[in-house]
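Here is a walk through the model, one contact at a time. Keep the coordinates open as you read.

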Amino acid sequence: MFSILRSLWYTFLHAFHKRETILYPEEKPYLPPRYRGRIILSRDPDGEERCVACYLCAAACPVDCISLQATEDKDGRRYPETFRINFSRCIFCGLCEEACPTYAIQLIPDFELSEYNRQNMVYEKEHLLISGTGKYPEYNFYRNAGVDMGVKGKGEGGNEHPPVDIKSIMP
Amino acid sequence: MMVKIQIDGTYYDVKPGKNLLETCLALGIDVPHFCYHGAMGSVGACRLCAVKKFRDPCDQKGRIIMSCMEPVNEGLIVSVNDPDAKMFRAAILESLMINHPHDCPVCDEGGECHLQDMLVMTGHNYRRFDFKKRTHFNQYLGPFISHEMNRCIQCYRCVRFYDDYTGGKDLAVFGSHDHLYFGRGEDGILESEFSGNLVEVCPTGVFTDKTLKEHYTRKWDLSNTPSVCVHCSIGCNTIAGERYGKLRRIMSRYNGAVNGYFLCDRGRFGYQFVNVENRIGEAQIRTSKNSNPVEATPDMIASACAEALSGSKKIAGIGSPRASLEANFALQKLVGKENFFAGVSRTEHTLAKTAIDILQHEAIHSPSLKEIEKADAILILGEDLTNTAPMAALAVRQAARNKGIEVAGNSGIPPWNDYAVRLKAQDVKSPIIMANPFSAKLDEIAEKTYRAAYSDIARVGFAVAALINDGAPGVKGLSKEQLSMAQHIANALKEAKNPMVITGTHGGSEDMVHAAANIAMALFLHGKEGALSIVFPECNSMGLGMMDGKPFEDLAGLPADSTCDTLVILENDLYRRADQSLIDDLLERCKNVIVLDHLITGTTLKSDILLPVGTFAESEGTLVNNEGRAQRFYRVFPAEGTVIESWRQLKELMIFSGNHESASWENFDHVAQAMSDSIPAFAKIKGHMPGADFRILNEKIKRQTMRFSGRTAMNAQFSVSEPKSPVDPDSPLAFSMEGANETPPSSLVTNYWTPGWNSNNAMNFYLDEPNGSMKGGDPGFRLLETAATKHILFFAPVTGAFTPEAGEWEIVPAYQIFGSEELSSQGPAVAERIPEPFIIMNRRDAEEAGVKEHEMIDLTLTRSSLQVKLKIDDNIPAGVAGLSTGLPGMPFLKLPESGRVKNSKK
């Protein structure tokens, strides 16, 4: 008897608690930065595309909804010629983001992906690429890689000795 | 005889004489390694294959040894999984990784990287080294290979392959300690014809495929299909990879009897012709001879073809040595046996027929490339193998080492101990004798070279046969040098255990082929095998020669009214095979010319009805290589638009012509079956190849890997609903990542992969032992049946000695690896390597003619004249000149013939 009354009392008290329900869509919920919503492609601090078209996101994707084609600019810098995500298949698992070695592909706190026409769920590179760095403001892959693709010279990257003079016999 | 060894407590019966590493790999035991390669043996350089060896069963401590340097003996006790050995291997890898850059995402090797595999296998997953890395500048290495030296781990495989295995001169190692640099002395094109193999040999991404870079795709995303190279008569096995409907790359497919681990650059990079702009995409019709062709709908084509074929009194067909057997057979069915022409010139046709007859002779054995590698004396008669059959030249280079391996063996050094063998052998080589009109790359390994016109080479050949066996007809009037040369060759061949003769039809000399046959038969009577290898001009020259056909000059030579109303030309550019006037006249005379081809050529421009057909990548078929081995290639991807396979197109034409025999050819097996039934030479094909209904546990064999990505997005721009994956009714392969998980039969291997091995080194697990045969036997089977007669009939020499005439030169063909082959020269990468037309002359001859080296000179032949650049070769005999042949833009030339030269400026 007592426990029933106590339960009723606690339930009644909830009438004075702060509401969890919000009036979506007039009011937007707070979503943490690491919420896994819509996928974007970010740019590095220099404003260039971060994606190096390594195909790891496509390989990691359990529903195979990422498809891309690599190409290179005149300096040999590799980037995706096309990059397509079929959001009608995407399960927002975030494995692509985990696989990405350059922080290019990121899931952002935007879940509003409803469409009347399913074909509109297919996002091309122009829909995916944003102008900012996303969650990782500092990282620039090409400054740390060993390749010289117009971003830095050989031996000018982080943790690199200057290029070897192969004719030297010094130890 | 087998010996018993113990590995990690398990006993195995293994072959003695091998090293422990290859034994482990043959047993399927994962032993990490870098510098060891099946074809190149071991040098013990990288220290990664460390295992622990125990003295006897009581030895608990053991000691670490390198498994690649440890011979397998009775009672050997080792442990691969010993904790000390594991720690040692991880430490080696960690030190190799010190300078390895953070490149995997942009490295073309990623996903099929031997280094990545070894990292995972040894357990060195995280880098602890946090200091600076050494860096290197890269070099430009030509249109085939990219260079990224930062990634090097100093295993020396590249120089061992390039210099030691293929005899290359321009790749070397420079510098010392951790500054080692593998590259050329200066930027420039890698000279070796086998440079493409560096892509597969390099365990990291130092050397990568530059043609793949243009449309880069990871290994796991390629849809792979077993194929056969179409760029020469050797028939190397390849794996062709496709993505998004385009052919992306060619990798080598192991065939122990043919190409082993390797491919030549023409085979590897010649694939680009499949993707060029010059492809014929749509059917075209021309209403009258003078109007322009217009694209036609299927209905228009059907009615035009039906009209042309059913309204004709006589239909003739010209086949092709670059089309499959089945396509040629379908054409023969369409036009009838008496109207089927082989699509090669009379000279080539006669030579092919002669060669095939000879190879079918009881006394003659047509050796595989593997058997050529085993030879200990080789006479090469008038064939520049490096340019006409590069992989055969590579096999000859290995054969040259056999004497040295034997010398080392006498001192107890096993053949796999590569460095020790080379050190002991020094310059000891098996006798390789090169008889060729001009200098060839193989001269450098030749014990003796003989320079003469083809007729003299043939005469010396006949003399050699006569010296080996009295029954062979001799040659009169040989000079003293020729006699001593013949004596020397005869002695070398007689003394050898496995002597071999290699010749070819490129020289256009029947006498030379006869001479080679005489030598082989004489050797047979001398108690040897009678091995004779004949190199043919094109990928299916031999197969076409085995069919009943006539040279097309027979058709062109007929009177105008009885030639034919309708001419069907299958995948053949006739302008490459005869004088322009002859072909113009022939095509003009035929009311309807129907051409089936995939690239725009001079012949397709003259067609009334042009039907697009698939290249090797969009069709399936059987090719017969120069050994007589029938090998099947499969469709790599479904063709776009109206492009279909040649045999299917011809099947349709048969129905249009009112011949409904082909109506029952529903898939490739039916046409292959019909061919085996109607042509006795191909009777064996039926039942030898896995048919379209072949299944493993009810499943087809998958072309795609299990990691294949983008399935639900790659076509989503057209429709968000995924299309059904294309069906392949013609083969047991599926355009899918779903299929049997078991290893398929050797001829159907689509991808080399085994747990832990994503790189091409997984190949070793598909073999009975490294550098051995594929498990279940090497792909393909020999069609050549030796005739039952034991009767040996020697050929008699026909032509007399060559006598130079003043002011005249005998122009002999100098085929070029890049350029002389029709299809590969269409690709941009190979096109970059095509030389400009040149002529090779003796210095004295050049002075006599008043022409200078590197200058353009006018060459006048009987029916044509052209401008070529002069190259001096002091070895070419007086009165003989070599002319680059078959290069794009050069007219057809019937060589050898006599010609005159003069300075262009005068």
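Which residues in α10(B) meet which residues in α18(B)? On the α10(B) side they are Thr350(B), Leu351(B), Thr354(B), Ala355(B) and Ile358(B). Their partners in α18(B) are Glu510(B), Val513(B), His514(B) and Ala517(B). By class, this contact has five nonpolar, three polar and one charged residues. This is a predicted model, and the geometry that follows is computed from it. Helix α10 of chain B covers residues 346-359, and helix α18 of chain B covers residues 510-525. The two pack at an angle of about 5 degrees. Their axes lie 10 Å apart. Angles under 35 degrees count as roughly parallel, so α10(B) is roughly parallel to α18(B).

Next, a pair that crosses at another angle. Helix α16 (residues 454-468) and helix α17 (residues 480-495), both of chain B, pack at about 50 degrees. Here the axes are 8 Å apart. The crossing of α16(B) past α17(B) is right-handed. From α16(B), the contact takes in Asp456(B), Val460(B), Ala463(B), Val464(B), Leu467(B) and Ile468(B). From α17(B), it takes in Gln482(B), Met485(B), Ala486(B), Gln487(B), Ile489(B), Ala490(B), Leu493(B) and Lys494(B). Sorted by class, the contact of α16(B) with α17(B) has 10 nonpolar, two polar and two charged residues.

Helix α14 (residues 402-410) and helix α15 (residues 418-425) have axes that come within 8 Å. They cross at roughly 95 degrees. The range for roughly perpendicular runs from 65 to 115 degrees, so α14(B) and α15(B) are roughly perpendicular to each other. Gly404(B), Ile405(B), Val407(B) and Ala408(B) of α14(B) make the contact with Val421(B), Lys424(B) and Ala425(B) of α15(B). These residues divide into five nonpolar, one polar and one charged.

Now turn to the interface. How many residues of chain B are in contact with chain A? The count is 49, and they touch 44 residues of chain A. The size of an interface is often given as the accessible area lost when the parts come together. Chain B and chain A bury about 3800 Å² between them. Of that area, 52% is on carbon and sulfur atoms. Val106(B), Thr135(B) and Val720(B) supply 17% of the area that chain B buries against chain A, more than any other three residues.

The rule finds four salt bridges between chain B and chain A. The side chains of Arg78(A) and Asp108(B) form a salt bridge at 2.7 Å, N to O. Over all chains, the structure holds 62 salt bridges. Within chain B, the side chains of Lys606(B) and Asp584(B) meet at 3.1 Å, N to O. Lys606(B) lies in the loop between α22 (602-605) and β25 (609-612), and Asp584(B) in helix α21 (residues 580-589), so the pair ties together parts that are 22 residues apart in sequence.

Finally, check the backbone. Most residues other than glycine have a negative phi, and most peptide bonds are trans. Where are the exceptions? Tyr24(A) and Pro25(A) are joined by a cis peptide bond, with omega about 10 degrees. Pro25(A) is in the loop between α1 (2-13) and β1 (39-41) of chain A. Another cis peptide bond joins Leu895(B) and Pro896(B), with omega about -5 degrees. Pro896(B) is in the loop between β35 (880-885) and β36 (897-903) of chain B. Tyr156(B) has a positive phi, near 70 degrees. Tyr156(B) lies in the loop between β7 (145-147) and α4 (157-165) of chain B.

Note on methods:
Residues are numbered from 1 along each chain as its sequence is written. Chains are lettered from A and ligands numbered from 1 in the order in which they are written. This is a predicted model: local features need pLDDT of at least 70, side-chain atom pairs count only at pLDDT 80 or more; totals for chains, interfaces and linings use all residues. Side-chain values use heavy atoms; hydrogens and water are left out. Axes are lines fitted to C-alpha atoms, for helices over the stretch in contact, and angles run from 0 to 180 degrees between N-to-C directions. Helices (H or I, at least four residues) and strands (E, at least two) are DSSP runs, numbered from the N terminus. A crossing is left-handed if the near helix is turned anticlockwise from the far one by less than a right angle, and right-handed if clockwise. Contact means heavy atoms within 4.5 Å. Ala, Val, Leu, Ile, Met, Phe, Trp, Tyr, Cys and Pro count as nonpolar, Asp, Glu, Lys and Arg as charged, and the others, Gly among them, as polar. Buried area is the accessible area (1.4 Å probe) that two parts lose on being put together, summed over both. Angles under 35 degrees count as roughly parallel, over 145 as roughly antiparallel, 65 to 115 as roughly perpendicular and the rest as oblique.
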